[in-house]
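Here are my notes on this model, as numbered points. Please read them with the coordinates open.

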Amino acid sequence: MTESIQTRVDRLRADFDRSFAVPLRTLDDDAVELLAVGVGGRAYAMRLSQTSGLYPDRPVTPLPTSVPALRGLAGFAGVVVPVYDLAALLGHPIADEPRWLVLAGGTPPLALAFHQLDHHVRVPAGDVVDASGSTPVRGCLRGMVRLPDGDRPIIDVPATRALAHRMAGHELTEGTP
């Protein structure tokens, strides 16, 4: 081993050992992590806590279906998951092949396809206007968030899953196997 490689190995070993001595960073309870996305030509946000993965350019196998929002099936870690077009679920025209798939958290498994990933953002909870008050909420949008590039409605992933299942002729609630 040459001198420079040994020096680098020693530095990496010291950095690795030091990483255990540094206290864990904790996230504020007063912050919300969001994905800022573009769907149907409009800006939206999704709570990161309601998702379990984000995938670019994942192949989707089309299905013969009468449900226009159902794009097909995709594989995730050995599990075949239905993929729905988020634009269609939000009432926008279905455009070309979406680039991004977000895997919805919870069960049953479901992926949502969309065209544009703008950025990931962590905002103070005070910048999120929650729509979970006493008034009943309809549709897939729950609240708004104020971001530097403008206000965005927040897509509620569980409500979107429920809508997709209703469109497919199923009435499922969160946690139903």
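1. A word on the basis. This is a predicted model, in which local features need pLDDT of at least 70 and side-chain atom pairs count only at pLDDT 80 or more, while totals for chains, interfaces and linings use all residues. Residues are numbered from 1 along each chain as its sequence is written, and side-chain values use heavy atoms, with hydrogens and water left out.

2. The sheet. Six strands make an open sheet, ordered S8-S1-S2-S11-S10-S9. Its pairing is mixed. Two strands count as paired if DSSP finds at least two bridges between them. S8 (116-124) and S9 (128-129) are at the edges. Each has a single partner strand, so one side of each lacks a neighbour in the sheet.

3. Pairing in detail. S10 (residues 141-147) runs antiparallel to S11 (residues 150-155), over five bridges. Arg146 has Asp151 in S11 as its bridge partner. Val145 is opposite Arg152 in S11. S2 and S11 are parallel, with two bridges. Met46 has Ile155 in S11 as its bridge partner.

4. The largest nonpolar core. The term means a set of buried Ala, Val, Leu, Ile, Met, Phe, Trp, Tyr and Cys residues joined through side-chain atoms within 4.5 Å. Buried is under 20% relative accessible area, exposed is over 50%, and partly exposed is in between (1.4 Å probe, protein chains only). This core has 25 residues. Val39, Met46, Tyr84, Leu86, Leu112 and Phe114 touch the most other members. At least two residues each come from S1 (31-39), S2 (42-47), H2 (86-89), S6 (100-104), S7 (111-114) and H3 (157-167). H2 gives the largest share, four residues.

5. Val39 and the second core. Contact means heavy atoms within 4.5 Å. Leaving out residues up to four places away in sequence, Val39 touches Tyr44, Leu86, Ala87, Leu90, His92 and Phe114. There is also a second, separate core of ten residues. Among its members are Val32, Ala36, Ala45 and Val145.

6. Thr160. Beyond its neighbours within four places in sequence, Thr160 is in contact with Leu86, Leu89, Leu112, Cys140 and Ile155.

7. Glu33. This residue is in strand S1. Glu33 is partly exposed, at 25% relative accessibility. Its side chain makes a polar contact of 2.7 Å with that of His120. A polar contact is a pair of N or O atoms within 3.5 Å; within protein, one must be able to donate a hydrogen and the other to accept it, and residues adjacent in sequence count only if both atoms are side-chain atoms. The C-alpha atoms of Glu33 and Met46 are 8.6 Å apart, with the two residues 13 apart along the chain.

8. Gln50. Find this residue in the loop between S2 and S3 (51-56). Gln50 is buried, at 16% relative accessible area. A polar atom of the Gln50 side chain lies 3.0 Å from the backbone nitrogen of Val157. Not counting residues up to four places away in sequence, Gln50 touches Ala104, Gly105, Ile155, Asp156, Val157 and Pro158.
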